[in-house]
Amino acid sequence: YMVDKGNHRHFMAKEIHEQPEVVGRTIAHYVDLATGTVRLPLDLPFDFKALKRLVISACGTAYYAGLVAQYWFERLARLPVEIDVASEFRYREMPLEPGELALFISQSGETADTLASLRYARAEGQHIVSVVNVPTSTIARESAVVAPTLAGPEIGVASTKAFTCQLAVLLSLAVAAGRARGTLSAEDEQRLVKALVSVPSLMSEALKHEHDIELLSRDLAKATDVLYLGRGTSYPLALEGALKLKEISYIHAEGYAAGELKHGPIALIDETMPVIVLAPHDAIFEKTVSNMQEVAARGGRIILVGDERAAREASVETWTTLTMPAMDPIVAPIVYAVPVQLLAYHTAVFMGKDVDQPRNLAKSVTVE
Ligand code: G6P
């Protein structure tokens, strides 16, 4: 059906701005707002409690959603996770014990490698659950259980709202798994659901920084290389930030686990290199601060994306700080996706690039 850009210059802008609404809609589909508990709208043919392992596979941005989910399933449900990009998963001949769970994530539901991975897992006797945005897609049809993202049609080639909706679904699943496995108490569940339900308004807050981000992007546009750093769930978000920037602005960007900085990328740092540090004030914030100090000592230009407390306690000179609202760190990757997307978007627009149809990329990769 017809989708238009509304008042926006590009589909990507429209889709970034729609996120509070579509993420809110998705969350409402997975939680019972009245009781503040997760209520999966799914008929699961297995018990989370009986699982020994979860395997996840996907491509591109959907893969990064899976990487965030790995932290959530392991931390909240104590369920070991194996995750790989689908182009590797489909050929690696990973031994899979029948009766375990395989999870696939895809916006389009048509990505050839993800579909082939699903078929491999099914042949190996896995239960198949897919998080998909297009309910009529091949991956949806071939999955025993479809966990829908209610993002609506995504037109911009670079995924935005599908990613944050995927994260909302995956966090709901991880909380449900934690309850079933007895690793989360009823109070834990209430607290996590409360954090999840607050996400749409936190995203609206984050969107208010658009003007600052637009100004910052004019400087970012001059860079030839950009480094994104994060720890914990901010690490996959750093990978996603680098992917978004390179996809639509063609500036070379890399995402790194902040602790790996000294094992390589630190050699690249000089005064010309912007280093975007994604650092909510979470349990490992102090560790990220020491990485920022290493960057600052070499003249790197730090763009800190963090909350007020992070900005106050960073004890390092930053080039700019984008202050995010305070929140439960569990939902930070969903909310911090907003500044990451806006930075890439405005940099590419400022450089005159075609953000909705970047060169050489396809919305859906249906061939190998
Ligand atoms: C392409 C798109 C990406 C997307 C990836 C996976 O590379 O440009 O935005 O993340 O495919 O697509 P899927 O539809 O499986 O999520």
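This is a predicted model: local features need pLDDT of at least 70, side-chain atom pairs count only at pLDDT 80 or more; totals for chains, interfaces and linings use all residues.
**Close-up A. Ser315 sits in the loop between α13 (308-313) and β12 (320-324).** Residue numbers start from 1 along each chain as its sequence is written. Although Ser315 is not a glycine, its phi is positive, at about 45 degrees. Ser315 is exposed, with 11 other C-beta atoms within 10 Å. (With C-beta atoms placed from the backbone, a residue is exposed if 12 or fewer others lie within 10 Å of its own, buried if 20 or more do, and partly exposed in between.)

**Close-up B. Asn360 lies in the segment after α14.** Here is another residue with a positive phi that is not a glycine: for Asn360 the angle is about 65 degrees. Asn360 is exposed, with 6 other C-beta atoms within 10 Å.

**Close-up C. Helix α7 (residues 161-180) packs against helix α14 (residues 332-350).** Their axes come within 9 Å and cross at roughly 170 degrees, which makes α7 roughly antiparallel to α14. (Axes are lines fitted to C-alpha atoms, for helices over the stretch in contact, and angles run from 0 to 180 degrees between N-to-C directions; under 35 degrees counts as roughly parallel, over 145 as roughly antiparallel, 65 to 115 as roughly perpendicular and the rest as oblique.) Look for Phe163, Thr164, Leu167 and Ala168 of α7 meeting Pro333, Ile334 and Ala337 of α14. Contact means C-beta atoms, placed from the backbone, within 7 Å. These contact residues comprise six nonpolar, one polar and no charged. (Nonpolar covers Ala, Val, Leu, Ile, Met, Phe, Trp, Tyr, Cys and Pro; charged covers Asp, Glu, Lys and Arg; the others, Gly among them, are polar.)

**Close-up D. Helix α7 also meets helix α8 (residues 186-197).** The two axes come within 11 Å and cross at roughly 175 degrees, so α7 is roughly antiparallel to α8. From α7 come Ala168, Leu171, Val175 and Arg179, and from α8 Glu189, Leu192, Val193 and Leu196. Six of these residues are nonpolar, none polar and two charged.

**Close-up E. The ligand is surrounded by 16 residues.** The closest are Gly60, Thr61, Ser106, Ser108 and Thr111. (A residue is near a molecule or strand if its C-beta atom, placed from the backbone, lies within 6 Å of it.) By class, the shell holds six nonpolar, nine polar and one charged residues.

Technical notes:
Helices (H or I, at least four residues) and strands (E, at least two) are DSSP runs, numbered from the N terminus. Two residues are in contact if their C-beta atoms, placed from the backbone, lie within 7 Å.
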